[in-house]
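Work through the following exercises with the sequence and the 3D view side by side. Try each task before you read its solution.

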Amino acid sequence: VSAVRAPEPGAPVRIGLLGCGTVGQAVVRTLIDGARTIERASGHRLEVGPVLVRDAARERPGIDPALLTTDPARVLDDPAVAIVVEVMGGVEPTLGYLRRALARGASVVTANKQLLSRHGPELLRAAEEAGAELRFEASACAAIPVIKVLRESLLAAEIRALIGIVNGTTNYILTEMAREGTSYAEALARAQELGYAEADPTEDVGGADAAAKMAILASIAFHSRVLIDDVPYEGIDHLQAEDLAHAEALGFVVKLVGVARLLNGSVSVRVYPALVPRGHRLAAIGGPDNAVLLESRATRQIMLVGPGAGGDETASAVLADILSVLGTHQGSFLHNALADAGRPIAPPGSVPSAFYLRTSVADRPGVLARVAQIFADEGLSILSVVQSGYGDEASLVLILHEGIEDSMQRAVARIRALDDVRDDPVMLRVLGSGEGGE
Ligand SMILES: NC(=O)c1ccc[n+]([C@@H]2O[C@H](COP(=O)([O-])OP(=O)(O)OC[C@H]3O[C@@H](n4cnc5c(N)ncnc54)[C@H](OP(=O)(O)O)[C@@H]3O)[C@@H](O)[C@H]2O)c1
């Protein structure tokens, strides 16, 4: 194993990039901003550059122009570059570039689904022969760590099916068509306006992008060689709003799904628009999100959901791969999670949340005003009030906007002490939209 691939603990490691577009710029920024965390985790200080581009004169916010080069040899052939991050896309000349870097023992981290779904097996072999690593988490579902979960956490789980919504553009378009009853053309135009679809959306709407990702995911899930040519695919460009409406009326939503299965020991991978029952876990995945449902006998169903595109999102997966290549050294914080940043624990009374309160009250004039005054005194504001029943059976049900726990506890104690209130009020917390909701 060469010194390039197994840097001495503590030695600096140089990362060269091929490409500095949407993803490349986010990778450079993340490497610079996250330098300390990466160093603590891996034991290595990372040095960034050179970065290959076509046009070195182009303005790139936050990127030092001195890092840029138009000469591929400076990234591919310099033994000082230990890890090559490929975020330029395309099959040619990229394939030749990666072969060249791997041949000299550099490890490669790539986001390129089209290349991998055509030449993945060959590149993996080249990496193995050179004793280098080839990692490609960012090539499928951007921020969602599905490849790492398949390769490590579920390695022995014997996955029997992997069903995915792996293209955010089409999922956004289908969500819009179903929600608004808009035509395919209108929904596509809107997706382009919002940056969810490329100017030339053919790869996405025709299904090729999803097929490439499914080929990569199925290869890992089934430990088999699956290329894009093995994946029959259809897109959504021929769908009509009328069929989405019929599906809706029958209790389905239409999604572009990738379905990879083991059928009597053979691998089947296909991509097509499908009617998904409204109660199915994938039916709830809306907008540009991606989701992958992994099925095995032992683990039953595990679903991973998250953003499937975007510069920062994809850079997050690239960074994770860089850390995997470097490994994590003994004594680093990944080995000893408690030795993290040493943050203090927040006092429970200081934590904000929204609240539900039910209290039984005597149905007398002014009760609501007295309760409302207490909340106002404590700096809590009411979102909704429902009064039900009357006389001795009356109860007030309130939902409060987000406030501080201590304030709510004081308000509840004061309400309990009112003459109009008969029993202990019931207080529950409400999960806010910032806590995992839409
Ligand atoms: N964008 C996403 O959300 C996303 C998500 C997951 C995966 N990916 C994958 O990540 C890769 C990069 O995507 P991106 O959106 O960042 O693309 P991009 O914005 O078009 O950036 C491509 C970069 O590569 C450079 N480049 C392209 N061909 C080159 C060549 N022949 N020689 C030298 N430099 C070349 C370009 O240089 P110039 O700047 O000088 O033109 C540009 O900096 C693709 O494989 C894509 O499929 C992207």
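**Exercise 1. Find which residues of helix H13 (residues 367–377) are buried, and decide how they are placed around the helix.**

Solution. Begin with the list of buried residues in this predicted model, which for helix H13 consists of Val-367, Val-371, Ile-374 and Phe-375. Next, look at their directions around the axis: they cover an arc of only 100°, and therefore they lie on the same side of H13. Finally, ask what covers these buried residues, and you will find that the cover includes strand S12 (352–360), strand S13 (382–388), strand S14 (395–404) and helix H14 (405–416).

**Exercise 2. Determine whether Glu-378 is buried or exposed, and list its contacts beyond the neighbours within four places in sequence.**

Solution. First locate the residue: Glu-378 lies in the loop between H13 and S13. Its relative accessibility is 14%, and since buried means under 20%, Glu-378 counts as buried. Leaving aside the neighbours within four places in sequence, Glu-378 is in contact with Ser-407, Arg-410, Ala-411 and Arg-414. While you are in this region, notice also Gly-379, which follows H13 and has a positive phi, near 75°.

**Exercise 3. Work out the strand order of the open sheet of six strands, and identify its edge strands.**

Solution. Reading across the sheet gives the order S3-S2-S1-S4-S5-S6, and the pairing is parallel. The edge strands are strand S3 (68–69) and strand S6 (134–135), because each of them pairs on one side only. For a closer look at one pair, take strand S5 (residues 107–110), which runs parallel to S6 and is joined to S6 by two bridges. Here Val-109 stands opposite Arg-135 in S6.

**Exercise 4. Describe how strand S8 (residues 252–263) and strand S9 (residues 266–277) are joined.**

Solution. Strands S8 and S9 run antiparallel, and twelve bridges join them. Within this pair, Leu-256 stands opposite Pro-273 in S9. The hairpin that S8 and S9 form has two residues between the strands, and in this hairpin Asn-264 takes a positive phi near 45°.

**Exercise 5. Place Gly-90 in the chain and describe its surroundings.**

Solution. Gly-90 belongs to the loop between strand S4 (81–86) and helix H4 (94–103). With a relative accessibility of 38%, Gly-90 counts as partly exposed. Once the neighbours within four places in sequence are left aside, its contacts are Asn-112 and Leu-115. Gln-114 is 24 residues away from Gly-90 along the chain, yet the C-alpha atoms of these two residues are separated by 6.8 Å. The loop between S4 and H4 also holds Pro-93, and the peptide bond from Glu-92 to Pro-93 is cis, with omega near 5°. A further cis peptide bond leads from Gly-49 to Pro-50, with omega near 0°, and Pro-50 lies in strand S2 (residues 46–52).

Notes. Residues are numbered from 1 along each chain as its sequence is written. This is a predicted model: local features need pLDDT of at least 70, side-chain atom pairs count only at pLDDT 80 or more; totals for chains, interfaces and linings use all residues. Side-chain values use heavy atoms; hydrogens and water are left out. Helices (H or I, at least four residues) and strands (E, at least two) are DSSP runs, numbered from the N terminus. Buried means under 20% relative accessible area, exposed over 50%, partly exposed in between (1.4 Å probe, protein chains only). Contact means heavy atoms within 4.5 Å. The arc is that of the directions from the helix axis to the C-beta atoms.
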